[in-house]
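Please study the sequence and the structure shown below. The paragraphs that follow lead through the arrangement step by step.

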Amino acid sequence: MGKKILLVDDSESMRKIAGKAISDAGYDVTTAEDGKLGLSKIEKEKYDAIISDVNMPNMNGLEMVKAGRMFASNKYTPVIMLTTESSDEMRQKGKEAGAKVWVVKPFNPDQLLGVLKKLIG
Amino acid sequence: MRNVITGEDGVYKTKSASRYWDARLKCHIVKILPGEYAVGEAGEMIVTILGSCIAACIYEKVLGIGGMNHFMLPFEKYKNRSGENNVTDYKSLTARYGNVAMEMLINEIIKKGGMRYNLEAKIFGGASITDTSTDIGAENIAFVREYLAIEKIKILSEDVGGFLPRKIYYNPTTNDVYVKRIERANAGDIIVAENACRKNIKDKEADGKVYFLDT
């Protein structure tokens, strides 16, 4: 059983692209379509890492990450934001929300896997 | 002022779109170039000139907000062995760039409160305007169709392919589009602009920037 990753992105093709890259590397991937659905998964299950988009309907990725810290199961789970946003201001917001790494799309799959490896092995 | 993207150095940057008053059309014109997008407001018309590139107009039918992008895919054969495009292949530069070009436009609408299930699309461009062996226009059309199918965004109308460049006028509040064909003889500038944009993407590997936030 591979380490468990929660991947949250509102774009189905992006979930497929990132999800396949991560699962091909041996991780066990669960996906969610927006921050609200992601948060309900964060509440119910412990993950080894969370990868999330920022701009999503219903609840954005930063709100989800912030709210997710309330649940003991994922209080310390490392979070990677995977987003088209690249401004310093947005990255600062990511840091405040508790994200560890900020990856800007279009991302290189090898880089994303390198980050995951560094964070959780 | 809205944000647009540009493919300079292969890095997506935000900048102010060129916007001017058009006395004949009696509205503000927001002109976008290859690699850029804009989400419009009432009283504006988004305009672009397309060769083999694609412009996708995305409209949130409940909010009445629309935007248009003008994107170019990297020069890369990305059809798989069975001749299909593969929008979700993470090894494909085209898939990753094309996804981001579409996502950036959609994100602007989501940020304004748009819902994905209210999105509709109109697609334009993908003409064969150069005499190369690869029909870039056809690949671009195939990409955007497949992308929209996966994202479950309905294509309301399209005017794609053929041999003539197009000038697109998009009304972002009503979702109306006016297409004007341009004579091939006048397509020189368009080809130059699109090639420059494609070269920018090609010159740079799709290395998304990585920032460690706690350092």
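Predicted model: local features only at pLDDT ≥ 70, side-chain atom pairs only at ≥ 80, totals over all residues.

**Helices, sheets and the contact between two chains**

Within helix H1 of chain A, one pair of side chains deserves attention. A:Lys20 forms a salt bridge with A:Asp24, and their closest N and O atoms are 3.1 Å apart. Because A:Lys20 and A:Asp24 are 4 residues apart in this helix, about one helical turn separates them. Side chains of opposite charge can pair when their charged atoms come close. Over all chains, the structure holds 19 salt bridges.

Strands of a sheet pair through backbone hydrogen bonds, either parallel or antiparallel. S5(A) and strand S13 of chain B, residues 210-212, pair in the antiparallel sense over 3 bridges. In this pairing, A:Val103 stands opposite B:Val210, and the bridge partner of A:Trp102 is B:Tyr211.

The contact between the chains may now be considered as a whole. It brings 36 residues of chain A into contact with 31 residues of chain B. The area buried between chain A and chain B is about 3,000 Å², and carbon and sulfur atoms give 59% of it. In chain A, the residues that lose the most area to chain B are A:Ile17, A:Thr84 and A:Pro106, together 20% of what that side buries.

Polar and charged groups also take part. Between chain A and chain B there are 17 residue pairs in polar contact, and the count of salt bridges between these chains is 5. A:Glu12 forms a salt bridge with B:Lys152, where the closest N and O atoms are 2.7 Å apart.

Which elements give two or more residues to the side of chain A that touches chain B? They are helix H1 (12-24), helix H4 (88-97), strand S5 (101-104) and helix H5 (109-120) of chain A. H1(A) gives the largest share of this side, 8 residues. The residues of the side divide into 14 nonpolar, 9 polar and 13 charged.

Chain B also has a sheet to examine. An open sheet of 5 strands in chain B has the order S5-S8-S7-S9-S10, with mixed pairing. Strands S5 (36-39) and S10 (154-160) of chain B stand at its edges, each with a single partner strand, so one side of each is left without a neighbour in the sheet. From one strand to the next, the twist averages 15°. Strand S7 (residues 54-60) and strand S9 (residues 119-125) of chain B pair in the antiparallel sense over 7 bridges. Here B:Ile58 stands opposite B:Ala121 in S9(B).

Note on methods:
Residues numbered from 1 in each chain as written. Chains lettered and ligands numbered in written order. Heavy atoms only, no water. Pairing = 2+ DSSP bridges. Axes fitted to C-alpha atoms, helices over the stretch in contact; angles between N-to-C directions. Contact = heavy atoms within 4.5 Å. Buried area = accessible area lost by both parts, 1.4 Å probe. Salt bridge = Lys/Arg side-chain N within 4 Å of Asp/Glu carboxyl O. Polar contact = N/O pair within 3.5 Å; in protein donor to acceptor, adjacent residues only side chain to side chain. Nonpolar A, V, L, I, M, F, W, Y, C, P; charged D, E, K, R; others polar.
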